[in-house]
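Visitor: I've got a model open on my screen and I'd like to learn how to read it. Could you walk me through it?

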Amino acid sequence: MQERNISTLSNEEAKKAVQEAMQKLGREDYEVIYELYFKNSSIRKLSHKLHISRHSVRYRRDRALKRLKQIILSQAKNH
């Protein structure tokens, strides 16, 4: 069976993959991704809300995006 490449996913398949992957993230990672990308919050606003530095928000964002990518790639290989 041929391995699926994430770039070959349709928009609907990509949406579903992201939704499934988001559910597998830890609470902290989920919150950062959700606030920044789904609620369009700024790093400044999120740092204020979480009572952490903007640097920490950027670090958490980068870590969460890396984990999200790993989950999605893993899902694509398994389908």
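Visitor: How do H1 and H4 lie to each other?

Guide: In general, two packed helices are described by the angle between their axes and the distance between the axes. Here, helix H1 (residues 11–24) and helix H4 (residues 54–78) pack at about 120°, with axes 9 Å apart. H1 and H4 are therefore oblique to each other; under 35 degrees counts as roughly parallel, over 145 as roughly antiparallel, 65 to 115 as roughly perpendicular and the rest as oblique. The axes are lines fitted to C-alpha atoms, for helices over the stretch in contact, and angles run from 0 to 180 degrees between N-to-C directions. Helices (H or I, at least four residues) are DSSP runs, numbered from the N terminus.

Guide: One caution: this is a predicted model, where local features need pLDDT of at least 70, side-chain atom pairs count only at pLDDT 80 or more, and totals for chains, interfaces and linings use all residues. Residues are numbered from 1 along each chain as its sequence is written, and side-chain values use heavy atoms, leaving out hydrogens and water.

Visitor: Which residues in H1 and H4 meet?

Guide: From H1 come Ala-17, Val-18, Glu-20, Ala-21, Met-22 and Lys-24, and they meet Leu-68, Ile-71, Ile-72 and Gln-75 in H4. Contact means heavy atoms within 4.5 Å. The residues of this contact split into 7 nonpolar, 1 polar and 2 charged.

Visitor: Which residues make up the largest nonpolar core?

Guide: The general idea is that in soluble globular proteins, nonpolar side chains tend to be buried together. In this model the largest core has 9 residues: Ala-17, Ala-21, Met-22, Leu-25, Ile-33, Ala-64, Leu-68, Ile-71 and Ile-72. Core members are buried (under 20% relative accessible area, 1.4 Å probe, protein chains only) and joined through side-chain atoms within 4.5 Å. H4 gives the most, with 4 residues. Leu-25 touches Tyr-30, Ile-33, Ala-64, Arg-67, Leu-68 and Ile-71, leaving aside residues up to four places away in sequence. A second, separate core of 5 residues includes Leu-36, Leu-46, Leu-50 and Val-57.

Visitor: What do the buried residues of H2 pack against?

Guide: They pack against H1, helix H3 (43–50) and H4. In H2 (residues 27–38), the buried ones are Asp-29, Val-32, Ile-33, Glu-35 and Leu-36. Just after H2, Asn-40 takes a positive phi of about 55°.

Visitor: How many helices and strands does the protein have?

Guide: The count is 4 helices and 0 strands, and buried residues make up 28% of the 79 residues.

Note on methods
Helix = DSSP H or I, 4+ residues; strand = E, 2+ residues; numbered from the N terminus. Nonpolar A, V, L, I, M, F, W, Y, C, P; charged D, E, K, R; others polar. Buried < 20%, exposed > 50% of the residue type's maximum accessible area, 1.4 Å probe, protein only.
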